[in-house]
Amino acid sequence: MSVITLSVNGKEVAIPEGVSLLEATRAAGVDIPLLCHLDGLEPVGACRLCLVEVEGSNRLMPACTTAASEGMAIHTHTHQLLDYRRMAVELFFAEGNHICAFCVANGNCELQNVAVQVGMDHSRFPYQYPQRVVDASHPLFAIDHNRCILCTRCVRVCDEIEGAHVWDVGSRGSHCHIVAGLDQPWGEVEACTNCGKCVDVCPTGAIFHKEDTTAEKLRHSDRPALLKAARDEHVWRNQ
Amino acid sequence: MESRPPAAAAMTRTVVIDPVTRIEGHAKITLHLDAAGHLIDTRFHVVEYRGFEKFCECRPFTEMAGITARICGICPVSHLLCAAKTGDKLLAVQIPPAADKLRRLLNLAQLTQSHALSFFHLSSPDFLLGWESDPAKRNVFGLMAADPDLARAGIRLRQFGQQILELLGGRKIHSAWAVPGGVRTRLSVEARDWILDRLPEAKATITLALGLYKTLLDGPLQKEQRVFGDFPSLFMGLVTPDGRWEHIDGMLRFRAPDGTIVADGLSEDDYASFLGEAVEPWSYLKFPYYKPLGYPDGIYRVGPLARLNVCDSIGTPWADRELEELRDRSGRVATSSFAYHHARLVEIVACLEAIEQLVNDPECRNSRVRSRASLNRNEAVGVSEAPRGTLFHHYQVNDDGLLTRVNLIIATGQNNLAMNKTVHQIAKEYIPDPVPAGTEIPEAMLNRVEAGIRCFDPCLSCSTHAAGQMPLHLQLLSADGQILAERRR
């Protein structure tokens with residue numbers, strides 16, 4: 001495997017060829033907020049929080065989906081990027097109905113953590129208060145679309161890891177939402193194996209165990225990477 | 001406070017007390033005078049709107065403990081427990097004995113801290129500093145200046161209750177520790193030791209407060225005891241199967257002012273058969289009433305005084321002695337709303353004795369504190385005794401566990417008719433009759449009218465939830481009472 005070198009915020013790093021800019025920032029010890037990305041799942045660049053500046057390019061690049069190349073010089077924490085990241089997080093909050101006080105994920109929510117990370121103390125954008133529903137038709141789990149940020153982790157984990165492909169994204173624009181089966185009630189989708197991986201990877205309280213009450217949801221977002229390593233490389237958790 | 005002069009000399013006059021101070025929530029009182037200055041009507045208006053009953057619809061019932069706890073920062077525990085109990089019924093589970101005892105401990109701490117807040121922070125400045133004292137100093141800060149030891153003791157008594165809430169639930173307010181099926185954690189050794197360590201101080205404080213209050217009651221507060229809402233009404237509260245004081249389980253009992261038990265052994269499940277909920281166009285607060293007597297004759301009171309009136313005894317020695325003293329002073333069924341203050345102090349004694357029993361009970365250290373099940377029923381009613389009185393949560397859910405209907409009957413709402421009657425009685429006693437046109441009513445008189453409301457320690461932020469049934473009715477009246485313009489919503 002050949003190695004390439006590039007600079008992250010002026011620091012030279014050497015990384016294997018073919019990995020993403022996100023891996024380069026990690027090699028440089030730089031922490032970038034992430035919401036849609038999850039190790040073990042294919043990156044999609046949906047949340048736009050990992051945008052970075054690449055010298056010589058006039059547009060911002062998502063670090064999770066951009067391949068690193070020899071000699072690149074990237075910047076991860078410019079004033080413009082910090083402002084854009086905070087704006088993106090504010091838009092997540094303004095676009096949905098995120099009421100932390102009684103959410104199952106309160107205190108254990110990636111959106112909440114990212115808001116703290118980017119220094120968001122209020123939203124500069126008017127809250128949209130969309131009319132959304134809770135689908136609790138599944139016997140074990142429920143999805144609250146009010147809390148969904150369309151990261152598509154559930155879509156990917158169900159397709160790539162579980163192989164059931166229960167989830168998809170339906171509609172367009174502000175009407176975009178996660179659908180089960182062919183936009184059926186989740187409990188009626190026969191493809192669902194009740195595995196709970198979508199619950200494990202959901203970064204917010206959108207998908208949860210039905211018996212969870214306020215602040216009781218536990219995150220297991222490391223599971224896709226562990227499962228992938230187990231399948232692809234035969235590396236097991238206890239090894 | 002303000003006194004609005006009449007627009008024309010011949011018109012009726014309305015004296016407005018807005019806002020009513022040292023209560024939880026927002027309200028105003030209007031005193032309606034005719035052209036000759038005679039008091040013709042009084043109204044206690046609750047002017048805020050919360051709407052929980054409506055916006056909880058379509059949410060999972062498992063969230064209700066967390067959501068309804070947010071109704072109030074003073075007694076979140078009451079809603080938390082009532083929602084959890086309603087959730088138990090939807091799951092159709094028997095909660096573990098340890099969970100039952102721990103919930104009791106939580107409610108006792110809640111009653112203690114809330115009653116301490118009502119007595120020391122909100123009401124005692126009137127008794128101890130005087131009704132006519134400077135309004136700017138007639139508060140807990142004035143009390144600190146006048147009697148720092150008593151003020152400190154009162155604040156620490158409230159802290160004692162609050163700290164138990166934190167030790168059990170992880171935070172003083174808005175904990176989500178009680179859940180359908182039980183509670184989340186057992187009592188830790190550290191928490192038990194802290195409670196036992198602080199109990200003697202709490203007992204000393206309540207001894208001091210009771211002694212002081214009884215002295216005042218036998219002296220300068222005699223008139224207040226007589227005119228602050230002393231009228232016959234029913235009283236309602238929970239009692240144990242053998243008729244003792246209860247605060248979280250048991251059955252409902254109604255007692256008449258002559259001591260007769262009007263109804264006993266009532267289940268919360270049947271509340272709609274004996275409680276009606278009326279609305280008036282001038283307040284967001286419901287007017288619950290005892291159905292067999294109709295509205296408004298079915299006036300009844302809830303809360304600490306009602307609990308002591310309906311029970312036969314409390315069941316712990318010190319509290320029972322204090323209960324007998326209260327009954328010696330105010331009658332077997334105390335009908336004066338002013339006796340609510342005394343009842344709060346007696347209930348704190350009862351709470352401290354019960355807390356001591358519970359923390360010494362090894363069952364509270366049992367790690368089995370939660371029963372788990374999925375939805376087994378579509379409708380349930382939960383009940384508990386909040387500091388201000390009996391609290392009902394009624395949920396209907398679909399087969400997925402999403403709420404289709406929510407009804408909350410809050411303690412303060414059940415005292416609504418009584419609060420209006422109390423205000424009227426105090427105004428009749430203290431406001432000059434007739435009030436000469438153009439004269440200002442002294443602040444001390446208006447303060448007594450406010451204090452009538454404070455007897456009930458109302459929590460208005462808790463109590464205004466109904467949606468879709470609160471008509472807005474505006475009338476523009478001429479001096480002779482003719483309707484000039486009218487609009488309804």
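pLDDT is the predictor's confidence in each residue, from 0 to 100. The structure is a predicted model, in which local features need pLDDT of at least 70, side-chain atom pairs count only at pLDDT 80 or more, and totals for chains, interfaces and linings use all residues. Residues are numbered from 1 along each chain as its sequence is written, with chains lettered from A and ligands numbered from 1 in the order in which they are written.

The model scores ipTM 0.90 and pTM 0.88. Chain B has an average pLDDT of 87, and 90% of its residues score at least 70. Over residues 1–9 of chain B, pLDDT stays under 50. This stretch has 15 contacts beyond four places in sequence (C-beta atoms, placed from the backbone, within 7 Å). Residues 464–489 of chain B also have pLDDT below 50. Where pLDDT is low, the predicted coordinates should not be read in detail.

In chain B, helices α7 (residues 189–218) and α12 (residues 339–359) have axes that come within 10 Å and cross at roughly 160 degrees. Helices here are DSSP runs of H or I, at least four residues, and strands are runs of E, at least two, numbered from the N terminus. Axes are lines fitted to C-alpha atoms, for helices over the stretch in contact, with angles from 0 to 180 degrees between N-to-C directions. α7(B) and α12(B) are therefore roughly antiparallel (angles over 145 degrees). Residues making the contact include B:Leu199 and B:Ile206 of α7(B), and B:Leu345 and B:Leu352 of α12(B).

In chain A, 5 strands form an open, mixed sheet in the order β2-β1-β5-β3-β4. Strands pair if DSSP finds at least two bridges between them. β2 (11–16) and β4 (61–62) of chain A stand at the edges, each with a single partner strand. Strand β3 (residues 51–54) of chain A pairs with β4(A) in the antiparallel sense over 2 bridges. A:Leu51 stands opposite A:Pro62 in β4(A).

Key: Contact = placed C-beta atoms within 7 Å. Parallel < 35°, antiparallel > 145°, perpendicular 65-115°, else oblique.
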